[in-house]
Amino acid sequence: MPHFALEPEQTARCAELRALAAETLRPLAERGTPGTVNRPLLAALGDLGLLSRLFPVRALELCLLRESLAHGCTEAETALALQGLGAYPMVLAGSAAQRDRWLPEVAAGRAVTAFALSEPDAGSDAAALGLRARPDGAGWRLTGTKTWISNAPGADLLTVFARTGEGAGARGVTAFLLPADRPGISVTPLDMLSPHPIGTLEFDGVPVGREDLLGDVGGGFPLAMRTLDLLRPSVGAFAVGMAQAALDASLVYADDRRAFGGRLRELQSVSHQLAEMATRVEAARLLVHAAAAACDRGGPGIAARSAMAKLFATETAQYVVDTAVQIHGARALQRGHLLEHLYREVRAPRIYEGASEVQRTIIAKELYR
Ligand code: COS
(Lines give C-alpha, C1' and ligand atoms only; values in the text may rest on other atoms or scores of the structure.)
Protein backbone atom coordinates (compact mmCIF):
# COMPACT_ATOMS: atom_id res chain seq x y z
CA MET A 1 0.00 0.00 0.00
CA PRO A 2 1.47 3.40 -0.84
CA HIS A 3 1.71 5.85 2.01
CA PHE A 4 0.99 9.53 1.45
CA ALA A 5 1.77 10.58 4.99
CA LEU A 6 4.64 10.17 7.40
CA GLU A 7 4.52 7.54 10.12
CA PRO A 8 3.40 8.97 13.50
CA GLU A 9 6.95 8.48 14.90
CA GLN A 10 8.39 10.51 12.04
CA THR A 11 5.91 13.33 12.63
CA ALA A 12 6.73 13.32 16.34
CA ARG A 13 10.47 13.44 15.62
CA CYS A 14 9.96 16.40 13.27
CA ALA A 15 8.09 18.26 16.02
CA GLU A 16 10.99 17.58 18.43
CA LEU A 17 13.48 18.84 15.85
CA ARG A 18 11.48 22.03 15.29
CA ALA A 19 11.50 22.70 19.04
CA LEU A 20 15.23 21.93 19.24
CA ALA A 21 15.92 24.33 16.38
CA ALA A 22 13.93 27.16 17.96
CA GLU A 23 15.06 26.69 21.56
CA THR A 24 18.61 25.28 21.46
CA LEU A 25 20.09 26.04 18.03
CA ARG A 26 18.59 29.49 17.38
CA PRO A 27 20.51 31.11 20.31
CA LEU A 28 23.79 29.55 19.07
CA ALA A 29 23.11 30.84 15.55
CA GLU A 30 22.49 34.33 16.90
CA ARG A 31 25.85 34.32 18.69
CA GLY A 32 27.69 33.50 15.43
CA THR A 33 29.52 35.99 13.21
CA PRO A 34 27.65 36.49 9.93
CA GLY A 35 29.61 35.21 6.92
CA THR A 36 31.82 32.81 8.89
CA VAL A 37 31.49 29.13 9.77
CA ASN A 38 29.76 28.89 13.15
CA ARG A 39 31.84 26.19 14.86
CA PRO A 40 29.89 26.10 18.17
CA LEU A 41 26.65 25.62 16.19
CA LEU A 42 28.22 22.82 14.15
CA ALA A 43 29.62 21.19 17.30
CA ALA A 44 26.12 21.31 18.83
CA LEU A 45 24.70 19.63 15.73
CA GLY A 46 27.36 16.96 16.24
CA ASP A 47 26.77 16.57 20.00
CA LEU A 48 23.01 16.31 19.51
CA GLY A 49 23.61 13.41 17.10
CA LEU A 50 22.03 15.25 14.17
CA LEU A 51 25.06 15.19 11.87
CA SER A 52 25.50 11.44 12.33
CA ARG A 53 21.95 11.04 10.99
CA LEU A 54 23.39 12.12 7.61
CA PHE A 55 25.27 8.79 7.45
CA PRO A 56 24.42 6.34 5.98
CA VAL A 57 22.81 8.45 3.27
CA ARG A 58 19.01 8.34 3.47
CA ALA A 59 17.34 11.00 1.35
CA LEU A 60 14.02 11.03 3.22
CA GLU A 61 15.73 11.28 6.61
CA LEU A 62 17.81 14.17 5.26
CA CYS A 63 14.64 15.91 4.05
CA LEU A 64 12.90 15.56 7.40
CA LEU A 65 15.95 16.94 9.20
CA ARG A 66 16.28 19.89 6.83
CA GLU A 67 12.59 20.80 6.77
CA SER A 68 12.29 20.64 10.57
CA LEU A 69 15.49 22.58 11.32
CA ALA A 70 14.69 25.23 8.68
CA HIS A 71 11.41 25.98 10.43
CA GLY A 72 13.19 27.33 13.51
CA CYS A 73 16.81 27.99 12.51
CA THR A 74 17.92 28.31 8.90
CA GLU A 75 21.55 28.69 9.96
CA ALA A 76 21.53 25.28 11.69
CA GLU A 77 19.74 23.77 8.71
CA THR A 78 22.33 25.07 6.27
CA ALA A 79 25.30 24.09 8.43
CA LEU A 80 23.94 20.54 8.57
CA ALA A 81 23.12 20.38 4.85
CA LEU A 82 26.59 21.57 3.83
CA GLN A 83 28.22 18.76 5.83
CA GLY A 84 26.11 16.37 3.73
CA LEU A 85 26.89 18.07 0.41
CA GLY A 86 30.62 18.09 1.13
CA ALA A 87 30.79 14.52 2.43
CA TYR A 88 28.39 12.60 0.16
CA PRO A 89 30.85 12.29 -2.76
CA MET A 90 33.18 10.56 -0.28
CA VAL A 91 30.36 8.33 0.96
CA LEU A 92 29.42 7.43 -2.64
CA ALA A 93 32.92 6.95 -4.07
CA GLY A 94 35.61 7.38 -1.40
CA SER A 95 38.08 4.72 -0.27
CA ALA A 96 37.76 3.00 3.12
CA ALA A 97 40.82 4.99 4.24
CA GLN A 98 39.17 8.31 3.29
CA ARG A 99 35.91 7.41 4.99
CA ASP A 100 37.62 6.14 8.17
CA ARG A 101 39.78 9.25 8.37
CA TRP A 102 37.08 11.86 7.78
CA LEU A 103 33.52 10.65 8.39
CA PRO A 104 33.72 10.54 12.22
CA GLU A 105 35.13 14.10 12.18
CA VAL A 106 32.40 15.32 9.81
CA ALA A 107 29.70 13.68 11.92
CA ALA A 108 31.10 15.27 15.09
CA GLY A 109 31.02 18.71 13.46
CA ARG A 110 34.81 19.06 13.83
CA ALA A 111 35.71 18.76 10.14
CA VAL A 112 33.92 21.39 8.04
CA THR A 113 33.36 20.27 4.44
CA ALA A 114 32.95 22.10 1.13
CA PHE A 115 31.82 20.94 -2.31
CA ALA A 116 33.84 22.80 -4.95
CA LEU A 117 32.25 22.46 -8.39
CA SER A 118 31.28 25.96 -9.65
CA GLU A 119 33.77 28.26 -11.33
CA PRO A 120 33.63 31.85 -12.59
CA ASP A 121 32.98 30.55 -16.13
CA ALA A 122 31.13 27.32 -15.28
CA GLY A 123 28.01 27.55 -13.11
CA SER A 124 24.92 25.99 -14.68
CA ASP A 125 27.16 24.48 -17.37
CA ALA A 126 29.12 22.44 -14.86
CA ALA A 127 30.75 20.21 -17.51
CA ALA A 128 32.58 23.31 -18.81
CA LEU A 129 34.70 23.52 -15.67
CA GLY A 130 38.33 24.42 -16.32
CA LEU A 131 40.30 23.96 -13.07
CA ARG A 132 43.31 22.00 -14.36
CA ALA A 133 44.80 18.88 -12.81
CA ARG A 134 48.19 18.58 -14.56
CA PRO A 135 50.11 15.30 -14.21
CA ASP A 136 53.06 15.68 -11.85
CA GLY A 137 55.03 12.58 -10.90
CA ALA A 138 52.60 9.97 -9.60
CA GLY A 139 49.92 12.61 -8.99
CA TRP A 140 48.67 15.96 -10.25
CA ARG A 141 48.85 19.66 -9.50
CA LEU A 142 45.61 21.66 -9.33
CA THR A 143 45.54 25.15 -10.82
CA GLY A 144 42.50 27.37 -11.25
CA THR A 145 39.56 29.00 -9.47
CA LYS A 146 36.37 27.77 -7.79
CA THR A 147 33.76 30.28 -6.73
CA TRP A 148 30.43 30.53 -4.85
CA ILE A 149 31.74 27.70 -2.65
CA SER A 150 29.78 27.44 0.58
CA ASN A 151 31.93 26.94 3.71
CA ALA A 152 35.07 27.91 1.73
CA PRO A 153 36.15 30.45 4.39
CA GLY A 154 36.66 27.96 7.22
CA ALA A 155 36.51 24.55 5.54
CA ASP A 156 38.78 21.73 6.66
CA LEU A 157 38.02 19.34 3.82
CA LEU A 158 37.40 20.06 0.13
CA THR A 159 35.78 17.95 -2.58
CA VAL A 160 37.23 19.45 -5.75
CA PHE A 161 36.17 18.67 -9.32
CA ALA A 162 39.07 19.19 -11.75
CA ARG A 163 39.85 18.61 -15.40
CA THR A 164 42.35 15.73 -15.80
CA GLY A 165 41.43 15.71 -19.49
CA GLU A 166 40.75 12.04 -20.27
CA GLY A 167 37.98 13.23 -22.57
CA ALA A 168 36.10 16.34 -23.62
CA GLY A 169 33.50 18.07 -21.41
CA ALA A 170 31.96 15.87 -18.73
CA ARG A 171 34.22 12.90 -19.61
CA GLY A 172 37.43 14.68 -18.56
CA VAL A 173 36.48 15.56 -14.98
CA THR A 174 37.95 13.89 -11.88
CA ALA A 175 37.03 14.39 -8.21
CA PHE A 176 39.61 14.83 -5.44
CA LEU A 177 39.25 14.97 -1.67
CA LEU A 178 41.89 17.06 0.08
CA PRO A 179 42.47 18.91 3.33
CA ALA A 180 41.89 22.64 2.92
CA ASP A 181 45.29 23.49 4.38
CA ARG A 182 47.23 21.96 1.46
CA PRO A 183 49.87 24.45 0.30
CA GLY A 184 48.76 26.59 -2.63
CA ILE A 185 45.10 27.10 -1.63
CA SER A 186 43.82 30.59 -0.79
CA VAL A 187 40.31 31.85 0.02
CA THR A 188 38.48 35.13 -0.50
CA PRO A 189 35.12 35.45 1.29
CA LEU A 190 32.09 36.74 -0.64
CA ASP A 191 29.50 39.03 0.92
CA MET A 192 26.00 37.87 -0.04
CA LEU A 193 22.41 39.16 0.32
CA SER A 194 21.96 36.67 3.15
CA PRO A 195 25.13 36.40 5.27
CA HIS A 196 26.62 33.00 4.62
CA PRO A 197 30.12 31.50 4.83
CA ILE A 198 30.90 31.40 1.11
CA GLY A 199 33.93 32.28 -0.95
CA THR A 200 36.28 31.94 -3.89
CA LEU A 201 39.08 29.36 -3.76
CA GLU A 202 42.30 29.83 -5.72
CA PHE A 203 44.43 26.76 -6.46
CA ASP A 204 48.04 27.54 -7.32
CA GLY A 205 49.75 24.27 -8.25
CA VAL A 206 48.22 22.37 -5.32
CA PRO A 207 49.70 18.84 -5.13
CA VAL A 208 47.28 15.88 -5.08
CA GLY A 209 48.09 12.18 -5.21
CA ARG A 210 46.25 9.00 -6.13
CA GLU A 211 45.26 8.62 -2.47
CA ASP A 212 43.30 11.90 -2.85
CA LEU A 213 41.21 10.59 -5.77
CA LEU A 214 37.47 10.26 -5.18
CA GLY A 215 36.37 7.39 -7.39
CA ASP A 216 37.86 6.86 -10.83
CA VAL A 217 39.92 9.20 -12.98
CA GLY A 218 37.41 10.69 -15.44
CA GLY A 219 34.46 9.71 -13.19
CA GLY A 220 34.04 13.05 -11.46
CA PHE A 221 31.11 14.48 -13.40
CA PRO A 222 28.66 11.59 -12.86
CA LEU A 223 29.73 11.62 -9.19
CA ALA A 224 28.84 15.32 -8.93
CA MET A 225 25.49 14.64 -10.62
CA ARG A 226 24.68 11.67 -8.34
CA THR A 227 25.52 13.81 -5.30
CA LEU A 228 23.23 16.59 -6.55
CA ASP A 229 20.43 14.08 -7.34
CA LEU A 230 20.58 13.04 -3.69
CA LEU A 231 20.67 16.57 -2.33
CA ARG A 232 18.07 18.25 -4.54
CA PRO A 233 14.92 16.92 -2.85
CA SER A 234 16.40 18.12 0.43
CA VAL A 235 16.95 21.64 -0.94
CA GLY A 236 13.20 21.42 -1.58
CA ALA A 237 12.74 20.33 2.04
CA PHE A 238 14.69 23.37 3.25
CA ALA A 239 12.36 25.53 1.15
CA VAL A 240 9.28 23.78 2.58
CA GLY A 241 10.54 24.41 6.13
CA MET A 242 10.95 28.13 5.42
CA ALA A 243 7.57 28.30 3.68
CA GLN A 244 5.87 26.58 6.63
CA ALA A 245 7.48 29.07 9.04
CA ALA A 246 6.20 31.96 6.90
CA LEU A 247 2.73 30.42 6.73
CA ASP A 248 2.63 29.79 10.50
CA ALA A 249 3.63 33.41 11.18
CA SER A 250 0.92 34.62 8.79
CA LEU A 251 -1.77 32.50 10.45
CA VAL A 252 -0.95 34.00 13.85
CA TYR A 253 -0.74 37.54 12.49
CA ALA A 254 -3.98 37.35 10.49
CA ASP A 255 -5.75 36.10 13.62
CA ASP A 256 -4.34 38.81 15.92
CA ARG A 257 -4.33 41.84 13.68
CA ARG A 258 -7.49 43.92 13.49
CA ALA A 259 -8.44 46.07 10.51
CA PHE A 260 -11.67 47.34 8.96
CA GLY A 261 -13.64 46.42 12.10
CA GLY A 262 -12.57 42.77 12.35
CA ARG A 263 -9.69 40.29 12.25
CA LEU A 264 -7.48 40.28 9.19
CA ARG A 265 -8.36 36.64 8.51
CA GLU A 266 -12.02 37.59 8.19
CA LEU A 267 -11.15 39.46 5.01
CA GLN A 268 -11.65 37.06 2.12
CA SER A 269 -8.64 38.47 0.28
CA VAL A 270 -6.44 37.39 3.20
CA SER A 271 -8.11 34.06 4.01
CA HIS A 272 -7.88 32.97 0.37
CA GLN A 273 -4.19 33.86 0.34
CA LEU A 274 -3.66 31.73 3.45
CA ALA A 275 -5.54 28.84 1.84
CA GLU A 276 -3.45 29.11 -1.33
CA MET A 277 -0.19 29.24 0.65
CA ALA A 278 -1.17 26.17 2.70
CA THR A 279 -2.19 24.20 -0.38
CA ARG A 280 1.04 24.93 -2.23
CA VAL A 281 3.19 24.12 0.83
CA GLU A 282 1.44 20.77 1.20
CA ALA A 283 1.90 19.97 -2.51
CA ALA A 284 5.60 20.87 -2.32
CA ARG A 285 6.07 18.74 0.78
CA LEU A 286 4.45 15.70 -0.84
CA LEU A 287 6.60 16.08 -3.97
CA VAL A 288 9.75 16.36 -1.81
CA HIS A 289 8.88 13.29 0.26
CA ALA A 290 8.00 11.27 -2.87
CA ALA A 291 11.28 12.21 -4.59
CA ALA A 292 13.31 11.41 -1.48
CA ALA A 293 11.56 8.06 -1.04
CA ALA A 294 12.34 7.28 -4.71
CA CYS A 295 16.02 8.13 -4.11
CA ASP A 296 16.07 5.74 -1.15
CA ARG A 297 14.41 2.95 -3.16
CA GLY A 298 16.75 3.44 -6.13
CA GLY A 299 15.76 2.70 -9.70
CA PRO A 300 15.20 4.86 -12.77
CA GLY A 301 13.82 8.39 -12.97
CA ILE A 302 15.53 9.75 -9.85
CA ALA A 303 17.19 12.73 -11.58
CA ALA A 304 13.85 14.02 -12.90
CA ARG A 305 11.95 13.43 -9.66
CA SER A 306 14.67 15.20 -7.64
CA ALA A 307 14.63 18.07 -10.11
CA MET A 308 10.83 18.39 -9.91
CA ALA A 309 10.92 18.44 -6.10
CA LYS A 310 13.63 21.11 -5.97
CA LEU A 311 12.04 23.23 -8.68
CA PHE A 312 8.52 23.16 -7.29
CA ALA A 313 9.43 23.56 -3.63
CA THR A 314 11.89 26.43 -4.06
CA GLU A 315 9.55 28.35 -6.36
CA THR A 316 6.67 27.69 -3.94
CA ALA A 317 8.68 28.95 -0.97
CA GLN A 318 9.48 32.17 -2.81
CA TYR A 319 5.76 32.71 -3.44
CA VAL A 320 4.76 31.83 0.13
CA VAL A 321 7.38 34.03 1.81
CA ASP A 322 6.55 36.92 -0.49
CA THR A 323 2.82 36.55 0.22
CA ALA A 324 3.52 36.36 3.95
CA VAL A 325 5.41 39.67 3.69
CA GLN A 326 2.40 41.19 1.89
CA ILE A 327 0.01 40.02 4.63
CA HIS A 328 2.24 41.45 7.37
CA GLY A 329 2.91 44.77 5.65
CA ALA A 330 5.87 47.03 6.42
CA ARG A 331 6.81 45.37 9.73
CA ALA A 332 7.89 42.26 7.79
CA LEU A 333 10.60 44.29 6.08
CA GLN A 334 12.02 45.65 9.29
CA ARG A 335 15.56 44.38 9.97
CA GLY A 336 15.39 41.47 12.40
CA HIS A 337 11.84 40.35 11.59
CA LEU A 338 11.49 36.63 10.83
CA LEU A 339 10.09 37.41 7.38
CA GLU A 340 12.86 39.88 6.57
CA HIS A 341 15.28 37.03 7.31
CA LEU A 342 13.30 34.48 5.28
CA TYR A 343 12.85 36.90 2.38
CA ARG A 344 16.64 37.09 2.03
CA GLU A 345 17.18 33.37 2.68
CA VAL A 346 14.56 32.08 0.26
CA ARG A 347 16.13 33.57 -2.86
CA ALA A 348 19.36 31.58 -3.19
CA PRO A 349 17.87 28.03 -3.30
CA ARG A 350 16.25 28.88 -6.66
CA ILE A 351 19.81 29.29 -7.97
CA TYR A 352 22.18 26.95 -6.12
CA GLU A 353 22.50 23.20 -6.67
CA GLY A 354 21.05 23.79 -10.12
CA ALA A 355 18.96 26.86 -10.98
CA SER A 356 15.25 26.39 -11.69
CA GLU A 357 16.09 26.53 -15.41
CA VAL A 358 18.58 23.64 -15.01
CA GLN A 359 15.91 21.60 -13.20
CA ARG A 360 13.49 22.14 -16.10
CA THR A 361 16.21 21.04 -18.54
CA ILE A 362 16.78 17.83 -16.56
CA ILE A 363 13.03 17.13 -16.40
CA ALA A 364 12.52 17.81 -20.13
CA LYS A 365 15.46 15.54 -21.09
CA GLU A 366 13.94 12.75 -19.02
CA LEU A 367 10.53 13.20 -20.70
CA TYR A 368 12.10 12.32 -24.08
CA ARG A 369 14.43 9.60 -22.85
N1 COS B 1 23.65 10.72 -12.57
C2 COS B 1 24.73 10.07 -13.11
N3 COS B 1 25.32 10.46 -14.25
C4 COS B 1 24.83 11.55 -14.88
C5 COS B 1 23.72 12.26 -14.38
C6 COS B 1 23.13 11.79 -13.19
N7 COS B 1 22.07 12.43 -12.65
N8 COS B 1 23.44 13.28 -15.20
C9 COS B 1 24.34 13.22 -16.19
N10 COS B 1 25.17 12.18 -15.98
C11 COS B 1 26.26 11.76 -16.87
C12 COS B 1 25.67 11.43 -18.21
O13 COS B 1 25.29 10.08 -18.29
C14 COS B 1 26.83 11.73 -19.14
O15 COS B 1 27.74 10.65 -19.16
P16 COS B 1 28.15 9.95 -20.56
O17 COS B 1 28.81 11.03 -21.36
O18 COS B 1 29.05 8.86 -20.12
O19 COS B 1 26.86 9.50 -21.15
C20 COS B 1 27.53 12.89 -18.47
O21 COS B 1 27.17 12.82 -17.10
C22 COS B 1 27.13 14.22 -19.07
O23 COS B 1 25.74 14.35 -18.98
P24 COS B 1 24.92 15.45 -19.80
O25 COS B 1 25.33 15.41 -21.24
O26 COS B 1 23.51 15.31 -19.44
O27 COS B 1 25.55 16.78 -19.16
P28 COS B 1 25.31 18.30 -19.53
O29 COS B 1 26.63 18.93 -19.78
O30 COS B 1 24.24 18.43 -20.56
O31 COS B 1 24.83 18.94 -18.12
C32 COS B 1 23.31 19.59 -16.39
C33 COS B 1 23.74 18.58 -17.47
C34 COS B 1 22.90 20.95 -16.94
C35 COS B 1 22.14 18.90 -15.72
C36 COS B 1 24.47 19.79 -15.35
O37 COS B 1 25.52 20.54 -15.91
C38 COS B 1 24.00 20.45 -14.08
O39 COS B 1 23.46 19.80 -13.20
N40 COS B 1 24.24 21.77 -13.93
C41 COS B 1 23.98 22.47 -12.70
C42 COS B 1 25.15 22.33 -11.80
C43 COS B 1 24.82 22.61 -10.39
O44 COS B 1 23.84 22.15 -9.85
N45 COS B 1 25.71 23.37 -9.77
C46 COS B 1 25.54 23.71 -8.42
C47 COS B 1 26.81 23.43 -7.72
S48 COS B 1 26.61 23.05 -6.07
S49 COS B 1 25.82 24.61 -5.27
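The following questions and answers cover a predicted model, starting with the ligand and moving on to salt bridges, loops and the surface.

User: Which residue places a polar side-chain atom 2.7 Å from a nitrogen atom of the ligand?

Analyst: Of the 23 residues around the ligand, those that come nearest are Ser 124, Arg 171, Asp 229, Gly 354 and Lys 365. Gly 354 uses a backbone N or O atom, 2.8 Å from an oxygen atom of the ligand. Arg 232 has a side-chain N or O atom 3.0 Å from a ligand oxygen atom. The polar side-chain atom lying 2.7 Å from a ligand nitrogen atom belongs to Asp 229.

User: Which helix gives the most to the shell around the ligand?

Analyst: The protein buries 66% of the 1000 Å² that the ligand exposes when taken alone. Two elements give two or more residues to the shell: helix H6 (220-256) and helix H10 (356-367). With seven residues, the element that gives the most is H6.

User: Is Arg 285 buried or exposed?

Analyst: Arg 285 sits in helix H7, residues 268-297. Its side chain makes polar contacts with the side chains of Glu 67 at 2.8 Å and Glu 282 at 3.1 Å. Leaving aside neighbours within four places in sequence, Arg 285 is in contact with Glu 67, Val 240 and Gln 244. Its relative accessible area is 15%, and the cut-off for burial is under 20%, so Arg 285 is buried.

User: How many residues apart in sequence are Arg 26 and Glu 75?

Analyst: The whole structure holds 18 salt bridges. One of them joins Arg 26 and Glu 75, with the closest N and O atoms 3.1 Å apart. Because Arg 26 lies in helix H1 (residues 8-30) and Glu 75 in helix H4 (residues 74-93), the pair ties together parts whose separation in sequence is 49 residues.

User: Where does Asp 156, the partner of Arg 39, lie?

Analyst: Arg 39 and Asp 156 form a salt bridge, the closest N and O atoms being 3.1 Å apart. The two are 117 residues apart, and Arg 39 belongs to helix H2. Both are partly exposed, Arg 39 at 33% relative accessible area and Asp 156 at 25%. Asp 156 lies in the loop between strand S3 (139-150) and strand S4 (157-163).

User: Which residue forms a salt bridge with Glu 315?

Analyst: Glu 315 is in helix H8, and its partner is 35 residues away in the loop between H9 and H10. Glu 315 counts as partly exposed at 25% relative accessibility. The N to O distance is 3.0 Å, and the partner is Arg 350.

User: What is the relative accessible area of Glu 353?

Analyst: Glu 353 is in the loop between helix H9 (338-345) and H10. Its phi is near 55 degrees, a positive value in a residue other than glycine. Glu 353 is buried, and its relative accessible area is 15%.

User: Is Phe 260 buried or exposed?

Analyst: Phe 260 is in the loop between strand S9 (258-259) and strand S10 (262-263). Its phi is also positive, near 50 degrees, in a residue other than glycine. The relative accessible area of Phe 260 is 79%, and the cut-off for exposure is over 50%, so Phe 260 is exposed.

User: What is omega for the peptide bond that joins Phe 55 and Pro 56?

Analyst: Pro 56 lies in the loop between helix H2 (39-47) and helix H3 (59-72). The bond between Phe 55 and Pro 56 is cis, and omega is about -5 degrees.

User: What accessible area do Leu 287, Met 308 and Phe 312 have together?

Analyst: Phe 312 is in helix H8, residues 302-328. At a relative accessible area of 34%, Phe 312 is partly exposed. With Leu 287 and Met 308, it forms a nonpolar patch on the surface, and their accessible area together is about 220 Å².

User: What distance separates the C-alpha atoms of Gly 329 and Val 270?

Analyst: Gly 329 is in the loop between H8 and H9. It counts as partly exposed at 29% relative accessibility. Gly 329 and Val 270 are 59 residues apart along the chain, and their C-alpha atoms are separated by 12 Å.

Terms used:
Residues numbered from 1 in each chain as written. Predicted model: local features only at pLDDT ≥ 70, side-chain atom pairs only at ≥ 80, totals over all residues. Heavy atoms only, no water. Patch = residues over 30% accessible without salt bridge, like charges linked within 9 Å, V, L, I, M, F, W, Y side chains within 5 Å. Areas by Shrake-Rupley, 256 points an atom, 1.4 Å probe, with all protein chains shown as cover. Salt bridge = Lys/Arg side-chain N within 4 Å of Asp/Glu carboxyl O. Helix = DSSP H or I, 4+ residues; strand = E, 2+ residues; numbered from the N terminus. Buried < 20%, exposed > 50% of the residue type's maximum accessible area, 1.4 Å probe, protein only. Polar contact = N/O pair within 3.5 Å; in protein donor to acceptor, adjacent residues only side chain to side chain. Contact = heavy atoms within 4.5 Å. Near = heavy atom within 4 Å.
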